[in-house]
Amino acid sequence: GAAAALAPACLWLIIWHEGNNLPYGWLWRMLVPREGAALGDYVSESHAASEFAEQASRVFAYYRLLILPIALAMTAIGVRLWRLGRGLFKAEGFKKYAIDRFVLLLAVWWILDMAFIWISPRSYEEYYLPLNGSAAMLGGYAVAVYLKNYRKTVTKKPIYLGIGAVSAVLLIAMSFPIFFGITHSPHSGVEYADGRRRGYVQRFEEARQYAQGLLRYPWEQAGDYIRQRSDEDDTIYVWGWVPGIYVRAQRLSSTNRAFTSEMHVMNPQRLGEYIAERLDDFRAEKPAFFVDTQKRHFPWDRPPLQLWPATPEGPLPNNPAIVMQYEQEYRQMLAEQVGEDEAARFDAMKPLRDFVMNNYEPAQAFGPNIVFRLKQ
């Protein structure tokens, strides 16, 4: 089923000479490694750029927020083990249920979802979505056993009612962050300056403002700006990882690698080769607009590699002397505070910075997203 579903996409990518971008390509390269490539380079390079302690801190922070589905799943496993023990010792009044036979399958599914989070140290939020589904399926077993036992008992009904009441209170308490938000970022541990975020209460208010036209995200504003000032045949390029800008602007990329978040884990030589490939495409067809998303990328402990030298006040003047001094000082800062490899990546970016500064001019900033337009 997986092969049949992926085959059309793989065939399309191969026809367009993009075979190295096949779905789950890192897994394929482990079986048939391409020349000069490390096995599973996406995962291995990620681990090389981060520490396990940092990954563990982040994963357990998310586990704490997901205590409700995790508690449901663990309760279900505990109930099954308890019933298994009662069945082995032929406890009085014990009755097998048909639903018992599904627990092993659902438990393995949930445990794998919990474990797969640890494969990559990037630990993006979408990695945690699957465990909610498997935990809900598995947790349903505990609820079903509770209801079956409650219905068949007569003398222990008050005990089961008490268990149900306590469980309901615990479920409500554990779901508090989901509805009312959280005060600290699970990613960085930093306290939010404006109070609670990301619960249903905040999201519904955000959706209300969005529906009334009172709210537009910075990446949407950048996309709208480009769409209003370009033709349908114009191309653009978004440096970083905000692909929604292409969708909002309704403009295609001028290169077949429309975005990347790998700039900080590529070795400097590889990054230089990547930049050279993009520049060949840009020279063949200059994008009408560049967008520098200024987004921090994994491993998140270093400043973004910019398309135009900039300070917190905005892009620097396009003055060779000022730019040269800035680049020398900035490179030294990267070497001292991050490492020589990151300074070398900054060097590898110079041809792209020069291309943008020679052919484009700053147009407008939308939050962190700086839009550059092609010079007339």
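**Sheet, helix packing and an aromatic pair**

In this predicted model, D292 sits opposite I370 of strand 7. Here strands (E, at least two residues) and helices (H or I, at least four) are DSSP runs, numbered from the N terminus. Residues are numbered from 1 along each chain as its sequence is written, and side-chain values rest on heavy atoms, with hydrogens and water left out. As the model is a predicted one, local features need pLDDT of at least 70 and side-chain atom pairs count only at pLDDT 80 or more, while totals for chains, interfaces and linings use all residues.

Strands of a sheet pair through backbone hydrogen bonds, either parallel or antiparallel. Strand 3 (residues 289–292) and strand 7 (residues 369–374) run antiparallel and are joined by 4 bridges. Within strand 7, R373 is the bridge partner of F289, and R373 is also the bridge partner of E361. On to strand 6 (residues 360–366): 6 bridges join this strand to strand 7, again antiparallel. A365 faces I370 of strand 7.

Contact means heavy atoms within 4.5 Å.

What about helix against helix? Helix 14 (residues 320–337) and helix 15 (residues 340–348) pack at about 150° with axes 7 Å apart, and are therefore roughly antiparallel to each other. The cut-offs are under 35 degrees for roughly parallel, over 145 for roughly antiparallel, 65 to 115 for roughly perpendicular, and oblique for the rest. On the helix 14 side the contact includes Y330 and L334, and on the helix 15 side A343 and F346.

The axes of helix 5 (residues 67–88) and helix 7 (residues 129–152) come within 7 Å and cross at roughly 45°, so these two helices are oblique to each other. Among the residues making this contact are I70, A73 and I77 of helix 5 and L131, A135 and L138 of helix 7.

Finally, the rings. The count comes to 27 aromatic pairs, where rings of Phe, Tyr and Trp (its six-membered ring) pair if their centres lie within 6.5 Å, with planes under 30 degrees apart stacked, over 60 edge-to-face and the rest tilted. Y124 and W300 have ring centres 6.0 Å apart and planes at 80°, so the pair is edge-to-face. Y124 lies in the loop between helix 6 (103–116) and helix 7, and W300 in the loop between strand 3 and strand 4 (310–311), so the pair ties together parts 176 residues apart in sequence.

Methods: Pairing = 2+ DSSP bridges. Axes fitted to C-alpha atoms, helices over the stretch in contact; angles between N-to-C directions.
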